[in-house]
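I set down here what I looked up in this structure, entry by entry. The sequence and the model come first.

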Amino acid sequence: MARGRRTVTPGRWGTLALRVVPAVFLLILFVWPIAALIRRAVDVGSDVGIGTILDRTHALNLLGFTLFQAAASTALALVVAAPMVWLIARVDIPGSFLLTVIVTVPFVLPTVVVGVAFRALLDGPLAFAGVGSGLWPILLAHAFLNVAVIARIVGAAWRSLDPQVAEAAQTLGAGRVRAFVEVVAPRLLPAVGGAAALVFLFCSTSFGVIIILGNGEIRTLETEIYTQAIGYFRIPDAVVLSMVQIMVVVAALVLTRLFAERGEGGAGARPAETRLRPRGRQWLPVGAALIWTTTILVAPLLVLVVRSVRPGADGTWTLDGYRSLGESVNGVTPLETLRYSLGTAALAMVIALIVGLLTALALHRARGAWSAAGNIVATIPLGISAVTLGFGYLIVLAAMPADVAASPLVIPCVQALIAIPVVVRIAVPALRSIPPRLRQAAATLGAGPLRVFLTIDLPLIGRSLGAAGGFAFVMALGEFGATSFLARADTTTLPVLIGSALNRPGADNLATAMAASVLLVAVTTVAVVGVEVLRPRTGAVF
C-alpha cells in the first residue's frame, strides 16, 4: 500500500457530515436568497441609482422611525420586565413553573396573534384609557412580546451571581439598595445589554404587530418592504430598502455578540441558589410583582378570548366566530388551515432538530476563532428580517421551475431556518455539560464516534432536545413574515389567514380572526408547557 495515503474512515465521514449538511442548508436557504437580493440591488443601482430610490422611498425617514420605535420598545420592555426578572431570579414561590410558562408564552406567540390581542384591547379597555391607535399600542405589544427575553437572560445571569458578594457589602454597612446598585447591578449590565440588543433587533424587524396595529399609518422599513414588493410591485424600491434593513440587523447582531462576550468573560461557576422564600410582610412586594406580571401578560389574552365570543360593538355573546372555523374561505376552511399549519410546523421542527443538532455538534468540537465564527453564523437567521428573507425567496423562486417553486417543502424549510438558532443555543450547552470522561470511557471500550453519540450523548441531552423541538415547533407555527410572501391558497398557514381576515371588512371576518387567534394561543400554551416540563433546570436560557 502506498505511503501517505489517507483512509476515509466512518469517523471522518461523520465529521464531514457535521460541517457540510448545515453549511449546505444555510447556503441554499439563507445565503442564496440574500445574495439574490444584493445582486438585484446592484443591478438596480446601475439602472436607476440607489440614491434616487432612497430619496423617493423616504428611506432615511423610515430608518429613523424604525430605530426610534425599536429603541422606545426596548426601553419599555426593560421597565415592564424588571419585576419579572426579580421574581424569576430571586424569589422561590409555589407555582414558579406556572410563572415561567406565563412569562414565556408571549415570546413564542405568533406576532399576528399579539396584534389581534392588542387590537381587542384597543376596542375595549385601552379605548377608555385614551390610548387609541398609533405608536403606543405598538410599543406595548412589543414589550409584551419580548419581556421573556429580558426575564430569562437577565434572570439567569442574576441567579448565577454569588450572593455572598452582596451580603459582604451589607455586612460592611451598605443597605440593600446600595448593595444592589454598587455590587449586583454592575455585574448584570452585560446581560441587560445583551438582552436589550436582542429585543431591539426583534423590534426593528417587527412586522405582524405593526401591520395590524399601525392601521396603514405607521410605516417601518419592514412593513414598507412588504408594501413596495407585494402592494405596488416596485421590486427595485423593495430591494434597496431590504439592503438598509440588512445593515440594521447586522449592527444589532454585532452589539448582541459584543455583550455576550462580555457576559461570558465574567461568568464563573454557578453558585448554589439562595432564593427568597417570602414570609409575612415579604409577601407584599412579591404579591405586587405577581399582580404586575399577570396583569401585563395575561390580561391581553383574556380580552382576546372574551372578544372572540363578543366580537360586535353591541356586546352580543355569540359563537359565530368559532362556527366559521369550519366554513370555507377561498376553498379552504380555517380548521383545514390549522391542520396544514400543524403539519408544516411538525416537519419544520424535525428539519430544525436534525440540522440544529448537527450544527451544535460541529460547534461543540470547534475551538477558538472557528467556534466564535460558527456561533455568529448560526445566530444570524434568528435576527434576520423575515420579510427581507421572504422577499429574497420570492426573487429566487421566480427563476426556478414551477415544480420546485410549488414544492411542499419550501415553507417548512423556511420555518426551520428561523428555528435552527434556538435549537443550537439549547443543544450546545447541553453537549458541553456532559463530562468528557464518559465519552473517553466509551471510546476506551471500543465504541466508535457514532456509538458514543447514540449511547452517551443522546440519552443525556434528550430532555434538552425535547425542549428545543418544542420551541422550534411553536416558532414555526407562528412564523408570519416570510410565509406571507410564499403562501398560496392551498399552502396558507393560520397566521397568514388571520392577517387576511383582519384586512377584510365586516364583523364576521373579525370574529373569525379572533377565534383562530384563540386556537393558536391554546396550541402555543400547550407546547410551552411541554417545553418547560422537558427543559433541564440548568443550561441554556432558551
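**Entry 1. Ground rules and overall make-up.** I took helices (H or I, at least four residues) and strands (E, at least two) as DSSP runs, numbered from the N terminus. The model is predicted, so I note that local features need pLDDT of at least 70 and side-chain atom pairs pLDDT 80 or more, while totals for chains, interfaces and linings use all residues. Residues are numbered from 1 along each chain as its sequence is written, and side-chain values use heavy atoms, with hydrogens and water left out. I found 24 helices and zero strands in the protein. Of its 542 residues, 51% are buried; buried means under 20% relative accessible area, exposed over 50%, and partly exposed in between (1.4 Å probe, protein chains only). I then looked at contacts, that is, heavy atoms within 4.5 Å. Among contacts with a separation of 6 or more, 83% join residues 24 or more positions apart.

**Entry 2. The nonpolar core.** I defined a nonpolar core as a set of buried Ala, Val, Leu, Ile, Met, Phe, Trp, Tyr and Cys residues joined through side-chain atoms within 4.5 Å. The largest one has 165 residues, and Phe 391 and Ile 498 have the most contacts inside it. Helix H19 (residues 410-432) supplies the largest share of this core, 17 residues.

**Entry 3. Helix H23.** I asked how far helix H23 (residues 494-502) is enclosed by the rest of the structure. Eight of its nine residues are buried, so H23 is largely enclosed. Ile 498 is one of the buried residues of H23. The cover over these buried residues includes helix H5 (111-122), helix H15 (334-365) and helix H24 (507-534). Leaving aside neighbours within four places in sequence, Ile 498 is in contact with residues including Val 112, Val 116, Ala 513 and Leu 520.

**Entry 4. Val 105.** I located Val 105 in helix H4 (residues 96-108) and found it buried, at 5% relative accessibility. The C-alpha atoms of Val 105 and Val 529 are separated by 9.0 Å, although the two are 424 residues apart along the chain. Not counting residues up to four places away in sequence, Val 105 touches Leu 301, Thr 524, Thr 525 and Val 528.

**Entry 5. Salt bridges.** I counted four salt bridges, each being a side-chain nitrogen of Lys or Arg within 4 Å of a carboxyl oxygen of Asp or Glu. Arg 56 pairs with Asp 237, the closest N and O atoms being 2.6 Å apart. This pair links distant parts of the chain, with Arg 56 in helix H2 and Asp 237 in helix H12 (residues 235-266), 181 residues apart. Arg 56 is partly exposed at 44%, whereas Asp 237 is buried at 4%.

I next examined Arg 152 and Glu 532, whose side chains meet in a salt bridge (2.3 Å, N to O). Arg 152 lies in helix H7 (residues 135-160) and Glu 532 in helix H24, so the pair ties together parts 380 residues apart in sequence. Both partners are buried, Arg 152 at 8% and Glu 532 at 2%.

**Entry 6. His 58.** Most residues other than glycine have a negative phi. I placed His 58 in the loop between helix H2 (50-56) and helix H3 (59-90), partly exposed at 44% relative accessibility.
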